[in-house]
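Please look over the sequence and the structure shown here before reading the report.

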Amino acid sequence: MIPAAFDYTAPSTVEEAVGALAEAGEDAKVLGGGQSLLPVLRMRLAAPTTLIDLGKVAELRGVREDGGALVIGAMTTHYDVQRDPLVQQHAALLARATDTVADPQVRHRGTFGGSIAHADPAGDLLAPALAMDTEMVIAGQGGRRTVAAADFFVDYFTTALEPDELLVEVRVPKHTGWHAHYEKFNRVAQAWSIVAVAATVRVEGTSIAEARVGLTNMAATPVRAHAVENALVGAPATPEAIRAAAAHAAEGTSPTSDGNADADYRQHLARTLTGRAVTAAVSG
Amino acid sequence: MRISVTVDGTKYDDDVEPRTLLVHYLREQLGKTGTVVGCDTSNCGACTVHLDGHSVKSCSVLAVQADGCEVNTIEGLERDGQLHPMQQAFHDNHALQCGFCTPGMIMQSLDLLADNPNPNEHEVREGLEGNLCRCTGYQNIVRAVQDAAGKMSPGAGPEVERVANEVAGRHSARTPVSSGGE
């Protein structure tokens with residue numbers, strides 16, 4: 001399968017990339033790591049007139065500290081996020097979830113920002129991004145703006161990004177010392193999550209002091225399980241207490257039914273996997 | 001569009017259409033048919049090559065994205081007619097039947113060992129998650145990778161070490177991502 005023809009440009013700075021995007025118009029597509037876009041192009045589900053490849057924009061790669069946050073460049077690969085000492089120390093949930101993305105070859109090419117901007121509801125990095133209250137830094141011709149994760153994911157494959165805007169970095173508040181686990185349910189190796197749960201908790205003594213829980217593929221966008229979080233605060237870090245809190249996981253959700261799972265089964269999975277994720281997190 | 005790529009140690013300058021996939025460039029323009037097209041949907045990993053020292057599915061990379069990069073394929077592994085220890089281990093352990101997945105399996109196995117020189121069985125299976133084999137049931141593939149890991153370790157003998165080191169040298173660019181403030 002061969003993609004339809006397109007024009008190709010590889011800018012070397014964010015400024016050039018934003019300029020190229022404005023010039024190319026609405027039928028342009030931004031190429032990050034290409035691990036979602038290239039299959040779509042090969043199957044001719046999309047036929048953009050121009051591809052703007054960010055692969056040569058060095059400033060978009062890497063992880064740095066900025067006060068109470070980590071700043072992850074949009075073009076940082078999954079492989080580099082997984083292995084980054086800052087991510088491991090201050091954003092364990094993101095490291096755990098990234099470990100589960102696709103397979104090693106895809107993690108070498110695929111990028112954190114690309115996954116976020118693609119906004120596939122089954123993507124594994126959206127729920128952690130939401131649960132950790134990350135912020136998306138967006139560049140356009142008029143300058144930069146910041147959008148909270150809760151406002152960034154709008155619908156299936158749809159974000160707050162305007163056609164002439166670029167996701168340049170993601171600010172992740174430090175969760176230093178928090179335990180984390182990403183519990184993913186799928187049928188075969190490298191398959192998308194049917195449902196997955198991102199959980200990170202701060203434990204004090206034998207109790208849970210704070211908790212953040214995000215759900216993957218329970219709606220068109222990632223979902224925050226606030227009722228679970230509230231029920232976990234102050235609860236003892238025991239399997240029984242965690243199971244009781246996890247029973248709230250599907251509250252307010254209305255997932256789709258498809259060939260993989262009916263809606264009520266997805267809700268069952270959300271409760272069960274939340275229990276497993278939080279239990280694994282506190283014991284890790 | 002003009003690209004400059006080093007493939008298996010030889011530098012090539014070629015004109016390609018932007019939409020040309022790396023695997024098609026390797027096979028059709030360079031004649032390196034050792035790398036195969038399997039599923040064409042990024043699932044099977046048969047087309048795995050190394051791009052600047054990291055395994056990638058070459059059906060999911062554009063040739064233009066490889067401009068200025070170093071590509072290593074299954075065809076670049078043997079030295080002076082001697083199979084690479086990983087190739088030899090696949091042969092010795094009957095790790096193939098039809099052989100279609102083998103180029104990708106071998107390239108991904110080498111990538112795995114570059115990160116983890118002595119993987120246990122579970123780690124081998126995780127490391128080969130992106131490669132499908134429809135014949136063997138994987139058992140002998142896992143054996144082969146662990147066999148090769150043993151043979152590629154220091155002290156395995158001069159000839160094996162020489163070949164292994166040459167491949168390992170290509171991974172010398174592997175350093176953790178910069179965490180500096182710049």
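Helices α2(B) and α3(B) are oblique to each other, a word used for any angle that is not under 35 degrees (roughly parallel), over 145 (roughly antiparallel) or from 65 to 115 (roughly perpendicular). This is a predicted model, in which local features need pLDDT of at least 70 and side-chain atom pairs count only at pLDDT 80 or more, while totals for chains, interfaces and linings use all residues. Residues are numbered from 1 along each chain as its sequence is written, and chains are lettered from A and ligands numbered from 1 in the order in which they are written. Helix α2 covers residues 85-92 of chain B, and its angle with α3(B) is about 125°, with the two axes 10 Å apart; axes are lines fitted to C-alpha atoms, for helices over the stretch in contact, and angles run from 0 to 180 degrees between N-to-C directions. Helices (H or I, at least four residues) and strands (E, at least two) are DSSP runs, numbered from the N terminus.

On the side of α2(B), B:M86, B:Q87 and B:F90 meet B:T102, B:I106, B:S109 and B:L110 in α3(B), where contact requires C-beta atoms, placed from the backbone, to lie within 7 Å. This contact has four nonpolar, three polar and no charged residues; Ala, Val, Leu, Ile, Met, Phe, Trp, Tyr, Cys and Pro count as nonpolar, Asp, Glu, Lys and Arg as charged, and the others, Gly among them, as polar.

Helix α2(B) also packs against helix α5 (residues 139-151) of chain B, at an angle of about 135° and with the axes 8 Å apart. The crossing of α2(B) with α5(B) is right-handed. Here B:P85, B:M86, B:A89, B:F90 and B:D92 of α2(B) make the contact with B:A144, B:D147, B:A148 and B:K151 of α5(B), and by class there are six nonpolar, no polar and three charged residues.

## The sheet of chain B

Chain B has an open sheet of five strands in the order β2-β1-β5-β3-β4, with mixed pairing, where two strands pair if DSSP finds at least two bridges between them. Strands β2 (10-15) and β4 of chain B stand at the edges with a single partner strand each, so one side of each is left without a neighbour in the sheet. Neighbouring strands of this sheet are turned by 35° against each other on average, direction ignored.

Strand β3 (residues 48-51) of chain B runs antiparallel to strand β5 (residues 70-72) of chain B, and two bridges join them. In this region B:H50 stands opposite B:N72 in β5(B). Helix α3(B) packs on the sheet, where it touches β3 and β4 of chain B, and its direction makes about 40° with that of β3(B).

## Where the chains meet

How many residues of chain B are in contact with chain A? There are 29 of them, and they touch 33 residues of chain A. The elements of chain B that give two or more residues to this side are β4 (54-57) and α3 (102-115), and β4(B) gives the most, with four residues. By class, the side of chain B that touches chain A has seven nonpolar, 16 polar and six charged residues.

Key
Two residues are in contact if their C-beta atoms, placed from the backbone, lie within 7 Å. A crossing is left-handed if the near helix is turned anticlockwise from the far one by less than a right angle, and right-handed if clockwise.
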